[in-house]
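This briefing walks through a structural model by topic, beginning with the terms that the descriptions rely on. Please keep the sequence and the coordinates at hand while reading.

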Amino acid sequence: MALFPAFAEAANTKVENSSEELDWLNNKSFQTGDAISLHSRILEKTGEKPYQKASRDASSSQGEEREVGDGPPRKKKKKSEKKRKKKKKHKKRSERNSSSNGSDSDTVYPSDLIKQEEEEDRHQDTSLASRFSWLDDLQAPTGHPFCVDRKPDSANWTYKSLYRGDVARYRRKGSSTLGLDSQRQGVSWEESETKKRQKGGDSKKTADRYFSTASRQLLKSEPPLPVSPVAPDALQLSSYLPVGERFPTLSVNPLGVYDSSTALWLQGKGQQDDQKRDLETEGNPVSVVGRTGEFNRRLREQPSDTQLWIQFIHYQDEVSSVAFEEEQGGESAEHRKSSYRAILDKKLSIAERAVAMNPSCIALQLERLRICQELWEPSALAKEWKKLVFLHPNSAPMWREYLLFTQSYFSSFTVTKVNSAYGKCLSTLSAVRDGSMLSHPAPPGLEEDMLDIFTQQCHFLRQSGHSEKAISLFQAMIDFTFFKPDSVKKLSTKQQVEFFEPFWDSGEARVGEVGARGWKAWMIQQEQGGWLQPDEDEEEEEEEEEVKDRSLPRGTVWLDVESMREAAHWLPWRPDKAKGQSEEDCEDPDRQVLFDDIGSSLIVLSSSELQFQLLLKFLSFLGLPGKTQFQSQVCISGNDLQRPLTSYELPDLGMNSVGHMTTLQGVRKWTGLGNQGEKFLTNVFGIIQPVLPPLRRGFLSLSWIRYEKLKVLRCLHSGNKKRLRSQGKSSKRVAKRLLKEPDNRSSLVLWREYAHLEWILGNLDEARKVFSTATAMGGTKGPSGPSLCELCLLWSQLEAEDGAKGQTGQHADATMSPAVRVLTRLAEGTSSQSISPVSILKARRSYEQALSSSLSYYSAPTSCLVGCYALFQYLTVGIQAALTVYSQARDKMEELHRKRAPDSVKPGGMEASFPAADSSLTDRRLASECEALAVQQVALLRFHTNISVFPLVTLRQTLTSALSAWPSSAPLWCIYLQLENHYHSAGRARRFFHAVTRDSSSVTPRLFAIVAEQQRKQLVDAAQRSCCFDEPLPVLPENGLSNRIRGLFESAIATEMGAHCPLLWRMYVHFLMSEGKADKARGIFYKGLQNIPWAKGLYMDAVQMFPEHLQEFIDLMTEKELRLRLPLEELDILLED
């Protein structure tokens, strides 16, 4: 018997020689037929024939061979290779197991066959239940006609929804639902997300709205240049536009008025692809990539063009704004912040490259540091600033920016540190001016820049509460400038300061104190043996009780006492030697000013004009209205409607004297400087006037009279008649005393101010006598005399205002008008009381000749001459004649101003904050004359609209054109607000404000835009409160004014000048508190401290609005070394007493 009994016969056929076979391999007890029958039975049970299995095995082996033999193997992933290897291993393992099982089991038992049949029946049922098939395809009916698919579909988890092919399509007709009551019940059928995407997703099919990103980019881009399709020859030959020749005449376009696209649409045709592409190219704005490439090309060709570098840096802001608008809805705040950081890094890299190309350009250095303020740490930024200042010690603009950085960085700010930085700046510039710093030459206009920085330091000390140090600085500079001994004038600034220190520490009287004689007299007397201090009995002021009501809150009491002490103790404390006082007797050590605090800030002014400017700045610091020959004459406050012609002649009521800067909304205790301040001011005038030339003394006297007029106006606005009467008497006494001085007796300017003072007090007859006397003193100068011209202009304006009170329109007879009589006598140079029509004609001829000669060669201020001529034409001819005079004069003077002004200094530009080195006083005087002419013209138009019927469009056009040229003119803005407040719609004013603020960097138009919206909100709120619910409102209610005002505040403080404006921050905090938003107001207060940490007024406002945080604010002021006159410990003692 063979080893494999089933194949014994095959073995017998292969082996012919039976002798070679081994006997132990044969099993003679096994029958071959039984094995074959058993094998066939197994094949019948499984339903598979032997040849089928063999063919399948053969085909699989052929496929494997083909896969192995076909060319290079394909690259597959590692996972698929691992799966294939596992499958091969499993297959080999199963074959090996089957072969071993076959060899182990020699027989098949009947029980195994029965189990195999049951498993096959069960497998057939499960395979039928889990397979998808149609009922028609089944050969025999089954008990399970439906299948249950238990296998999960992973696509549902991936796409979060069913496949759209698995959902039956349907179309809903109507919105009703069966089974629901249509009156009380219903189902809201909403559109699916796919339909919404189909409607709004395709941007090519739907037109963009005006607020979309593409539309905003189109509005910001430059408009394409219009290209005329008509040949130039046709335009030259024909005198009309040939409408019909542009497009061919067709049946659908018989008149030829449709364009090509419309004609094709009417024919049922479409445009060609190239035409559409051309139209899209023309309509699209200039791409960002194209402009960037243009910048790069120009910078490669002109690497030394610094303005082009700065424009390229600013252009990155435009690119970022467009990018942020596109990401407005879909990106998170963190992503936008990172994008903004990337833009800053890009700007910094451009700036560094520009600085490397132009290392000597200061503007690029400043631009780079402005960018670094948002990227670097304060310590690294301060180190870079010091390095830059060390490299450019002779640049005044660089020092200004450094000082602004030092005093506006809250984390490192202290008053002592900033004051020492000012001293370092002025001492370094003084060394450059003297020539002791050989490495850097002195630039032109250095002394003027030094005077501006010195004044800025004094205002910084005043705003931080250290008014004593500021007054001491001015006292020392006036002694150092006007009373300098001749023996030290040729020394350097450092040596002069060393000689000045003994005088300051000697205890002698200083400027403004009783018995002051000056540095020069002290030096001479010291050489002769010194003098004895005279004993003068001073009247001691009675000290009022500081705490009047102890029941008030603690914060309110502190605020009242602090304000009272600041208004009374703004002068530095000096020990009275007559009373035996010493420095230890001072209760408040901060009231004493040492030489170390002021010595490094003393500078030398060699120009007499700059010396006089120093004196005027000191008087303005004390609260006097300054007026010089080159400063603007237009100081306006309120624009009183009762004086529409002369309101710009009034001094500014908003100018606070020293000691009244800390409270934004408060009541002044007195009109001027108080008794102590008035004595100080009188002593200043007494010591300064003898050392000035006669012309300068006249300007000083003019400033004093205008100060007295200012005090009268304050009393007039307060409404206290008794106080007005007493103040009027004292002011008239001062004016008469000044006019009695020999140098002032023939001064027409002082007589003019005195007559105006009498007119304001209501003494019209007395004022007319003064005017008449002054006119007779002027003689026969005529319109060629500026002083006489100004006097007659003011007199005629006052007469015109007084004559228009009781009537409307002009005089029927011009010869009877007092104003015409004054102007005619000015032109003729006579003092006759009666005039005739012939004299009016002669006067007009004289005015024409004087104006033409004055405009042909600009030599003297012509605003007064133009004003006289225009008012004369208005009173005798009409308003149009007056407007013609103003237009002619303004065009000529503004053209002259544009020619003389340097091209590099443009309004609103980067260099606008830096004065040009070669700008002369004549250029600034010419600019002030142009602005004064604009104010006069607007004032005359407003006067005419008040007394007669006249369209306001002329006044509005004149105002807008003047404000576009002079956006920082407060008088023009005041008149503009009064004009626009008459209208219910504010759209026109808002558009104009937006246009002006966009092109100007000044804070003035932004402040007036905020005030305009606040006035409108007050009007709307008052109207809504006064009317009942069912009554119509007198004005249109407007929502969103609060948000608009907040937006204006935010845009204003976002600018460089607005961020460092204390008034703007204080107004913002007050507005939020008035709206009841205390939390937001407190947040804006802390935000303001990051930009203006030196402003004591902001801290005082915070105490007034948040008295519960008094301790916190006091600690902040103490930490930053602001002037604190009432510590909380002393407050507790006062409250206990």
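Helices (H or I, at least four residues) and strands (E, at least two) are DSSP runs, numbered from the N terminus, and the expected span of a helix is 1.5 Å times one less than its number of residues. The model is predicted, with local features requiring pLDDT of at least 70 and side-chain atom pairs counted only at pLDDT 80 or more, while totals for chains, interfaces and linings use all residues. Residues are numbered from 1 along each chain as its sequence is written, and side-chain values use heavy atoms, with hydrogens and water left out.

**Overall picture**

- The protein contains 47 helices and zero strands.
- Of its 1137 residues, 40% count as buried, where buried means under 20% relative accessible area, exposed means over 50%, and partly exposed lies in between (1.4 Å probe, protein chains only).
- Contact means heavy atoms within 4.5 Å; among contacts between residues at least 6 apart in sequence, 65% join residues at least 24 apart.

**Helix α25 and its ends**

- Helix α25, covering residues 608–622, has 15 residues and spans 22 Å from its first C-alpha to its last, which is close to the 21 Å expected at 1.5 Å a residue.
- Because 12 of its 15 residues are buried, α25 is largely enclosed by the rest of the structure; the buried residues include E609, Q611 and Q613 as well as F612, F618 and F621.
- At the start of α25, a side-chain oxygen of S607 comes to within 3.3 Å of the backbone nitrogen of E609, and just after the helix G623 adopts a positive phi of about 115°.

- Two packed helices are described by the angle between their axes and the distance between the axes.
- For α23 (residues 554–568) and α47 (residues 1128–1136), the angle is about 105° and the axes are 11 Å apart, the axes being lines fitted to C-alpha atoms, for helices over the stretch in contact, with angles running from 0 to 180 degrees between N-to-C directions.
- The two helices α23 and α47 are therefore roughly perpendicular to each other, given that angles under 35 degrees count as roughly parallel, over 145 as roughly antiparallel, 65 to 115 as roughly perpendicular and the rest as oblique.
- On the α23 side the contact is made by R554, V557, W558 and R565, which meet L1128, E1130, L1131, D1132, L1134 and L1135 of α47.
- By class, this contact of α23 with α47 has six nonpolar, no polar and four charged residues, with Ala, Val, Leu, Ile, Met, Phe, Trp, Tyr, Cys and Pro counted as nonpolar, Asp, Glu, Lys and Arg as charged, and the others, Gly among them, as polar.

- Most residues other than glycine have a negative phi, and most peptide bonds are trans.
- E1121, in the loop between α46 (1110–1119) and α47, has a positive phi of about 65° although it is not a glycine.
- E1121 counts as partly exposed, at 31% relative accessibility.

- N981 is located in the loop between α38 (970–980) and α39 (987–999) and is partly exposed, with a relative accessible area of 38%.
- The side chain of N981 makes a polar contact of 2.8 Å with the side chain of Q1015, while the C-alpha atoms of N981 and R1016, 35 residues apart along the chain, are separated by 7.4 Å.
- N1091 sits in the loop between α44 (1078–1089) and α45, and its side chain reaches the backbone oxygen of K1087 at 3.1 Å.
- Not counting residues up to four places away in sequence, N1091 touches S408, A1059, H1060 and W1065, and its C-alpha lies 7.0 Å from that of F410, 681 residues apart along the chain.

**A buried arginine**

- R890 belongs to helix α35 (residues 879–900) and is buried, with a relative accessible area of 9%.
- Leaving aside residues up to four places away in sequence, R890 touches L933, A934, Q937, T958 and A962.

Conventions:
A polar contact is a pair of N or O atoms within 3.5 Å; within protein, one must be able to donate a hydrogen and the other to accept it, and residues adjacent in sequence count only if both atoms are side-chain atoms.
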